[in-house]
Amino acid sequence: MWCARTMGGLLAAGAIGLTVTGASADVVELVSVADNTMYSESGDLSNGAGDYFFTGVTGSGDRRRGLVAFDLSAIPPGSDVTSVTLQLYMSRTIVGPEPVALHRVLEGWGEGGSQADGQEGGGGDAAAGDATWEHRFYPGDTWATAGGTFVATASATEMIDDSGFYTWASTESLLADVSGWVDDAAGNFGWVVIGNESATPSAKRFNTREDGSAGGGRRPRLTVQFTPPAETGACCFPDGSCTVATSDACVSGGGGYQGDGVPCTPDLCPAPDGACCFPDGGCNVRTALDCAAEGGDYQGDGTDCSPDPCPDPVGACCQPDTFCAELTADDCDAAGGVYSGDGTLCVPSPCRLEPFVDPLPLPAVAQPIVGEPGGAAEYEIAMTQFTQTLHRDLPPTTVWGFGGTYPGPTIEARTGEPITVTWMNDLRDAAGDLRTDHFLPVDLCPHGPDHEGNTPRTVVHLHGGHVPEESDGYPEHTFLPGGSDVYEYPNLQEAATIWYHDHALGITRLNVQMGLAGFYLIRDDVEDALNLPAGEFEVPLVIQDREFRPDGALVYPEEWEEHFFGNTLLVNGKVWPFFEVKRGAYRFRILNGSNSRTYLLSFSDGTVMHQIGTDGGLMETSVALTELLLASGERADVIVDFSAASPGTEIILTNSAPAPFPGEEGVGVIPEVMKFVVTSDAGTPYEVPKVLRPLEILDEADAVMTRDFVMTKEPEPCAGSRWLINGLGWDDITEYPVLGTTEIWRFANRSGIMHPMHMHLVFFQVLDRQAFELIDDEIVPIGDPIPPEENERGWKDTVRVEPNEITRVITRFEDFAGLFAYHCHILEHEDHEMMRQFQTVFPCPADLDGDRDVGFTDLLTVLASWGPCDVECPADIDGSGDVGFTDLLAVLAAWGPCV
Ligand code: C2O
Ligand code: CU
Ligand code: CU
């Protein structure tokens, strides 16, 4: 019994007559493994074990359909079936030629033990498992369609006439039927063989597999020609990778074929290996891929580590002159360098950053939104966060800057031509959101952060600007990201090199460290008439010190420290830049924009600087210098003439000021600032005129007031210490200078380091310096007062107050009433809390005792001096030369506080 549902399991039984010829084109000849007849007149008739099956219509009008199936499992799945021939032997008919068609059966069917009598045309009783007209497997499973479920279209049709062999040959459908069954044996249900069912009679009888006549030679026979599928197997490539391929494809692809049917398993294909040299000089045997992945240098397949094929290891070598180079330890030693270790790299450099490899950047001129640079104009300048490359070998550094650059753009202004600037805080984090915290850690001890936390507040001060209180950058008038303020700068002052920078209470040091500073140049007719070097020959230089991590990030202490000294100098935002100069005169506007560091600048070849200007503008006469001392916040306007230098001359701008300052010689010094390289291009020499600009000397005799300020460091529980002026802080206001009056301010420094004292609103003149001693904790001047340095004899806004010295300055308060800061310009000192404020007030003539209050003592003074008065007569308020009734009325009318 053959069962289509289990046909695969009966392969051996069915493979009778199997022939295999050749390797590429094979042929199999198969005898049917099942055949049967369906009788339309009854669902109980079949002929499983009979010698014949029937097709067509009987004389009484009943239909017969044959079923025949072959076992194709001898043909490997995937084979290309090239020819199919079905041969049936027709052994009995009473009609002439009739078509007989093969249709592919779609459901499994069976051949049981039924056996018809005689010529077998009437069928026999169906046995279990037989196919009948109704059943696929009698008596249970029935066809979906009575008479068999099959494809409506015939796969092949032949005309069958008299007895003999008939052949259904390779139609496309027959080929498709067989090749489908080869690939999917479970779908192989053979063909139904159908005669002409529209003619009566038309029956034909065919021999089955049970027929023994002619030695069994008349059984249904299927001949299939096919090309078996190409054999595949694992293919190993030189890199150790494996793919399944045919032998041909493998070999032609440069692989090694591992045999038919061999699968790729993880360690099937060993990659060849060889010696791998590592940067530290080590040698290990590795595959080429692993070697590369580990950063080694592969020496080739089959090489090994002994003898050691690897070159001596190299590492970063910090050499005294050419700085970082990757050398062997021996070569580094020979070069006098310091070896950083095997395998260390020069980028990022473990050495000090190499100086003089980046050209000096020149800050751009700020462009107004209304007007022109250098005239009355309106500007909008935003403070933003961005990255900037500060040295060739340093990854970009996150900085804050004005107008998208560090330092900010240079504002060009002209005396008498007011400008406005809308200062905007647009500091955003890396995600583009307005910042809510500072980029640097904020110490919450100092005044400011103690209330405001670590918010990124900013406010812009124009250092050296004579401006109203509202536009002065009052340290408490800060605004957060998203905020802005419009400042008016009247420019009612002489030509000068001034600058703008952040001034937020308690975090100025952080904001300026991040980069918030820029130049502001005021020009006027007097300066123009001097025909100073201009254009490319006028160069601002802001010197700042910073420290960097190898990833480019700024290093700044998390907790407040009493000063900050970087280990690297930048000019105009580049580390140790170089500047190519023509053989002519240059005007350099030098600004010490550092937080704490003082500079003592010289040219390495002794080139002379002619200082023409101080903080407040041109001096009366120029001063020739070979050394220029600049404390934080100070500026010097100098002429340097390179016209005598031969082309190719390299001149280093050097620094010799110790840090802290003053200090022991050589301690904390960064000896180089930048390099000037003289080109062969001609410039123009400049003869500095004898008199630059007449200077009004303030007369001590005009001073209405002398104020004393004592600078000390005091213990403070939060940060450990803080710097103070007269023991008082920012909120303690005790100075009320009267507008229009002149005062002398005496700064006495009771600490070991210099404080550059700066006053807002005014320029002052330095009167003198005098040493003092402390006797019973009292300041007692000793020796003679020393006049200021020659290059301090002009308008200043920042002055060095040296330890144990009293520095006296004289100034006239003018124009703007309000609150203004004065402070030490070491920003760490300023932040905690060597910064106080004075309040300028309008004159109050009736306030005779100067207590900013017209009261009883003033009245008494008038009464006491009643009558004519000659030389000094403060009570003569109306200036009549007589202290009388109107003076008394003036006191009474002004009764009360006057501010
Ligand atoms: Cu340059 Cu009050 O600062
Ligand atoms: Cu200032
Ligand atoms: Cu100070």
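**The cysteines up close**

A: Let's start with Cys824, which is buried at 0% relative accessibility; buried means under 20% relative accessible area, exposed over 50%, and partly exposed in between, using a 1.4 Å probe and protein chains only. Keep in mind that this is a predicted model, where local features need pLDDT of at least 70 and side-chain atom pairs count only at pLDDT 80 or more, while totals for chains, interfaces and linings use all residues. Residues are numbered from 1 along each chain as its sequence is written, chains are lettered from A and ligands numbered from 1 in the order written, and side-chain values use heavy atoms, with hydrogens and water left out.

Searching the whole structure turns up 11 disulfides, each a pair of cysteine sulfur atoms within 2.5 Å. One of them joins Cys277 to Cys310, S to S 2.0 Å. This pair links distant parts of the chain, 33 residues apart: Cys277 is in strand β19 (residues 273-277), and Cys310 is in the loop between β21 (297-298) and β22 (314-319). Strands here are DSSP runs of E, at least two residues, and helices are runs of H or I, at least four, numbered from the N terminus. Cys277 is buried at 5%, and Cys310 is buried at 11%.

Cys283 and Cys305 make another disulfide, S to S 1.9 Å. Its S-S torsion is about -85°, so it's left-handed. Cys283 lies in strand β20 (residues 283-287) and Cys305 in the loop between β21 and β22, so the bond ties together parts 22 residues apart in sequence. Cys305 is partly exposed, at 21%.

Then there's Cys869 with Cys873, sulfurs 2.2 Å apart. Both Cys869 and Cys873 are buried, and with a torsion of about -100° their disulfide is left-handed.
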